[in-house]
Amino acid sequence: MLSGSKLLRVLLIVIILACSGCDDAQNRRELAAYDDSMLSNEEVEVLIEAGMNVSQIGALLVKEGVIADAEIFRYYTTNRGFAARLQAGLYKFNKGMSVVSATAMIVDGDVYIPRYVFSLPEGSNIRQIAIAAERQGFCSEEEFLMAVEHSTLRSAEPGVMFPLEGYLYPATYTWSWNLTAEELLEEFYSEAIWRYEAYEVPEDHPLSFKEIIILASLLEKESQYDNEREVVAGVFLNRLKLGMPLQSCATVNYILPEFKDVLTYDDIAIDSPYNTYIIDGLPIGPISSPGDLAIRAVLYPAETDYLFFVVSEDGTHIFSRTYEEHEAAAAWLGG
């Protein structure tokens, strides 16, 4: 029994032989054009440039292992009237294709559009984005940080570590070309500004939009669960209203050379405009890239009288109204 693909090739051969009035040499060239016996799963990218003629294209396809015979390609495309319809572009072929299959792709303009994807998660800070840029194959970590340092996209007051922190929007980006570090910054920043301009701050909200972004950047680091974000935002806003320090461990970790699960007394005593253990109010600037859920949680926080929270092993929080309740919750978790 013949397989479906082999039976199809046999039928094609029979049809060609029956309908062709050509000599034996022409028949052999026709049959050879349909030969896909060497077809491979291995793929290869081939750029057919504008202005290339049939012979040049055939030679290129042979060189890249797409087809076996440039003369068969020239004969087939010319004899069938395809020569003037071959389209330039970047193609992804399988090696060992038949001339017929390869020609069909080029005539149809079935070009390959490469996808360069950058995943920028919510809560990423500049240093983490730089590491991601290298890991995802766009540029080195050092190149990205250098581009950040020299960027003129955004200015900030003295003391801010990275003016672009908080203004590189977290999302999954897709392009058809590989971007430089500078181009990545422009894409991320433009997306942030476009999205930020769409938000409407409630008239009675106590924070400016700049401050909302800062608080949302803390929220990304402090809250992992969607159903807690509004409550955590409410706690922070309650503390700001009462003039209590935010005491966010995330703001201290932002200024440390390496992340720490448990901060020391020396850590929380570091003199920095980001250290919310020693400063009043918000840190001087954002500490991460906030996403939509975090921003909306700050815009529309839960109405609560909680002033404290402590994180449990699974990442959820226990909320308290008084310091005594907070101490009891911390002792219970620790013991």
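Which residues in α7 meet which residues in α8?

Reply: The model is a predicted one, in which local features require pLDDT of at least 70 and side-chain atom pairs count only at pLDDT 80 or more, while totals for chains, interfaces and linings use all residues. Residues are numbered from 1 along each chain as its sequence is written, and side-chain values use heavy atoms, with hydrogens and water left out.

On the α7 side, Glu 143, Phe 144, Ala 147 and Val 148 meet Ala 181, Glu 182, Leu 184, Leu 185 and Phe 188 of α8, where contact means heavy atoms within 4.5 Å. By class, this contact has 7 nonpolar, no polar and 2 charged residues. Here Ala, Val, Leu, Ile, Met, Phe, Trp, Tyr, Cys and Pro count as nonpolar, Asp, Glu, Lys and Arg as charged, and the others, Gly among them, as polar.

Two packed helices are described by the angle between their axes and the distance between the axes. Helix α7 covers residues 141–150 and helix α8 residues 181–196; their axes come within 8 Å and cross at roughly 60°. That angle makes α7 oblique to α8. Axes are lines fitted to C-alpha atoms, for helices over the stretch in contact, with angles running from 0 to 180 degrees between N-to-C directions. Angles under 35 degrees count as roughly parallel, over 145 as roughly antiparallel, 65 to 115 as roughly perpendicular and the rest as oblique. The crossing of α7 and α8 is right-handed, a term used if the near helix is turned clockwise from the far one by less than a right angle, anticlockwise being left-handed.

Helix α9 (residues 209–222) packs against helix α10 (residues 229–242) at about 125°, with the axes 10 Å apart. The pair α9 and α10 is therefore oblique, and its crossing is right-handed. Leu 215, Leu 219, Glu 220 and Glu 222 of α9 meet Arg 229, Val 232, Ala 233, Phe 236 and Leu 237 of α10; by class, these are 6 nonpolar, no polar and 3 charged residues.

As for the whole, the protein chain holds 14 helices and 6 strands; helices (H or I, at least four residues) and strands (E, at least two) are DSSP runs, numbered from the N terminus. The chain has a radius of gyration of 31 Å, well over the 20 Å that the globule rule gives for 335 residues, so it is more spread out than a compact globule. That radius is taken over C-alpha atoms, and the rule is 2.2 Å times the number of residues to the power 0.38. The C-alpha trace spans about 100 × 50 × 40 Å along its principal axes.

Buried residues make up 41% of the 335 in the chain; buried means under 20% relative accessible area, exposed over 50%, and partly exposed in between (1.4 Å probe, protein chains only). Helix α5 (residues 99–108) has 7 of its 10 residues buried, so it is largely enclosed by the rest of the structure. Just after α5, Gly 109 takes a positive phi of about 65°.
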